[in-house]
Amino acid sequence: MPKDLRSFIAQLEAKSPEEIARVNKPLSPRYEISALLTHLEKIKRFPLLFFEKVKGSDAPVVINAQASRRLMAIALDGKPEELARKFGERQSKPIPPVEVTDAPVQEVTKLGDEADLTEVPMLTHYDVNAAPYITAGVVVAADPDTGVRNTSYNRLMMAGKRELRIFMAIGRHLWTLHNKFERRDQPLPIAIVIGVHPLFSLGAQALTPADEDEYGVIGGMMNEPLRLVKAKTVPILVPADAEMIIEGKMLPHVRRTEGPFGEFTGHAVPQDERQIIEVTAITHRKNYIFQDIHAGYTEHKLMGAVPREAALLKAVRQSVPTVKNVCMPVSGNCRFHAYVSIAKRTPGQAKNAICAAFAADMLLKHVVIVDDDIDIFDEERVLWAISNRFQADRDLVVIANAQGSELDPSAGPGGVNAKMGLDATKPLEGFPPELRVPEEVMKRIRLEDFLPRFSN
Ligand SMILES: Cc1cc2nc3c(=O)[nH]c(=O)nc-3n(C[C@H](O)[C@H](O)[C@H](O)COP(=O)(O)O)c2cc1C
Ligand SMILES: [Mn+2]
């Protein structure tokens with residue numbers, strides 16, 4: 001059976017039922033589902049959520065398919081602290097897709113005026129949001145000269161039965177493709193893929209060169225070739241096992257108002273004039289599941305962390321071969337903070353790691369380098385290392401006026417911001433020893449023998 005959203009849900013239900021929760025009472029896609037998510041975020045619980053009845057639509061909605069490192073570890077068949085390494089390994093082994101003719105995603109086909117976005121259970125997350133949005137849509141577009149396919153997540157605002165408005169960060173591959181078509185006065189054909197396995201989702205975000213086919217990267221991530229079928233109205237092959245495909249064209253020289261929208265930072269971004277998509281077809285499975293990613297909440301942050309952590313690990317390793325691991329924590333929106341642990345061998349290596357990290361990832365603002373005895377997934381330990389091993393006059397690096405994220409609410413115009421690196425490693429020699437109870441005694445005096453209530 002191919003890896004798709006349904007097979008992942010079935011796998012959780014069979015083997016990890018504590019990681020999935022079904023809601024069978026009806027909820028409105030306008031704020032009500034968000035209210036439930038907000039309660040869960042506050043108590044830090046992140047099961048995959050299956051909303052069986054969503055008011056105003058026949059389709060159920062899945063959110064949080066990759067809302068924890070545990071869920072992504074189930075998908076990647078590894079441990080939660082190994083995601084960057086596993087992702088990197090699979091990214092380096094792409095598997096080309098195969099073409100099929102019989103596709104579940106085309107069981108129902110609505111062409112032209114039959115297509116109606118208002119039938120789709122798109123959510124409105126926040127009071128600031130201008131309209132319902134597609135947040136779990138992977139936009140596929142092909143380079144007109146090479147045929148190489150690009151995939152990216154882009155927020156898509158509903159602006160009528162057959163119109164979407166899109167945000168594309170300047171300079172990204174999709175923006176570049178649209179630009180290429182626009183200079184030829186042509187629309188850019190696109191397909192929006194909704195409802196996929198978490199591995200598809202991770203592969204679609206891989207940081208790849210523009211000339212690498214991202215369907216191959218997704219295949220590598222899934223460890224099986226992606227099954228593709230011809231789209232109905234655009235010259236693009238689309239994933240046969242997705243839940244829904246929206247086909248359309250991004251018009252040249254047309255801009256309309258998009259936003260405001262509550263973004264991953266937990267702040268709203270203002271409205272602006274942006275590109276629009278005219279929908280030419282909607283195809284879906286008979287009983288399709290709609291997927292949402294709750295903007296600004298843990299899933300949105302964490303799913304973006306893994307591809308960046310993989311790229312960061314690779315870049316720091318080139319400079320400091322003994323790097324142990326990297327973590328982009330939720331506290332930094334999984335974009336702005338990185339913790340890097342290294343087995344330091346020479347006195348200046350932590351500073352080199354700081355330089356490598358900033359060179360590798362434009363979005364990063366604050367990097368903390370720690371020794372490999374610190375668990376970088378435990379922020380209390382990272383802060384402990386800063387408190388004991390860091391002196392601001394000699395261990396702090398500040399770079400002014402660098403490029404950062406346009407979405408950083410404290411950045412200057414165009415996303416210009418400051419970078420800060422903290423070397424929280426101890427010197428190679430002469431640091432006081434840490435406290436330790438003799439190992440032999442630790443092994444002999446066991447919790448279960450004396451205080452069984454506290455051993456699990
Ligand atoms: C849930 C989610 C939503 C995203 N929304 C956007 C968006 O609206 N616009 C954008 O430019 N990038 C967005 N991104 C980031 C891009 O998908 C990501 O940078 C992608 O790798 C860019 O690929 P590209 O350079 O191949 O176009 C989003 C990422 C995630 C995980
Ligand atoms: Mn790309």
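A: Begin with a definition: a polar contact is a pair of N or O atoms within 3.5 Å. Keep in mind that this model is predicted.

Q: Which polar backbone atom lies 2.7 Å from an oxygen atom of ligand 1?

A: That polar backbone atom belongs to A169, and the distance is within the 3.5 Å cut-off for a polar contact. The protein buries 90% of the 650 Å² that ligand 1 exposes when taken alone.

Q: What other backbone atoms lie at such distances from ligand 1?

A: A backbone N or O atom of Y153 is 2.9 Å from an oxygen atom of ligand 1. A polar backbone atom of F167 lies 2.8 Å from a nitrogen atom of ligand 1.

Q: How many residues surround ligand 1, and how do they divide by class?

A: A residue counts as near a molecule if one of its heavy atoms lies within 4 Å of it. Here 17 residues surround ligand 1, and the closest are N150, Y153, R155, F167 and A169. By class, the shell has 7 nonpolar, 7 polar and 3 charged residues.

Q: Where does ligand 1 sit, and which elements give two or more residues to its shell?

A: The largest pocket holds ligand 1. Two or more residues of the shell come from each of β8 (149-153), α5 (173-183) and α8 (298-319). Strand β8 gives the most to this shell, with 4 residues.

Q: Which residues lie nearest the centre of the largest pocket?

A: Of the 41 lining residues, S152, Y153, A169, R172 and R308 lie nearest the centre.

Q: How many cavities of 30 Å³ or more does the structure hold?

A: A cavity is a space where the probe fits but cannot get out, whereas a pocket is open. The structure holds 1 cavity of 30 Å³ or more. About 110 Å³ of space lies in the largest cavity. Its lining has 15 residues, with K3, F200, M222, L226 and D241 nearest the centre. The classes in that lining are 9 nonpolar, 1 polar and 5 charged.

Q: What should I look for in the backbone?

A: Most residues other than glycine have a negative phi, and most peptide bonds are trans. In this model, H253 has a positive phi, near 60 degrees, and its place is in strand β14. A cis peptide bond, with omega about 0 degrees, joins G259 and P260.

Q: Where does P260 lie?

A: P260 is in the loop between β14 (244-258) and β15 (261-262).

Definitions and conventions: Residues are numbered from 1 along each chain as its sequence is written. Chains are lettered from A and ligands numbered from 1 in the order in which they are written. This is a predicted model: local features need pLDDT of at least 70, side-chain atom pairs count only at pLDDT 80 or more; totals for chains, interfaces and linings use all residues. Side-chain values use heavy atoms; hydrogens and water are left out. A polar contact is a pair of N or O atoms within 3.5 Å; within protein, one must be able to donate a hydrogen and the other to accept it, and residues adjacent in sequence count only if both atoms are side-chain atoms. Accessible areas come from the Shrake-Rupley method with a 1.4 Å probe; for residues, only the protein chains shown count as cover. On a 1 Å grid over the protein atoms alone, a cavity is a set of points where a 1.4 Å probe fits but cannot get out, and a pocket is an open set with protein on both sides within 12 Å along at least five of seven lines; lining residues have an atom within 4 Å of a point. A molecule sits in a cavity or pocket if more than half of its atoms lie within 2 Å of its grid points. Ala, Val, Leu, Ile, Met, Phe, Trp, Tyr, Cys and Pro count as nonpolar, Asp, Glu, Lys and Arg as charged, and the others, Gly among them, as polar. Grid points are joined across faces, edges and corners, and a volume is the space filled by probe spheres set on the points.
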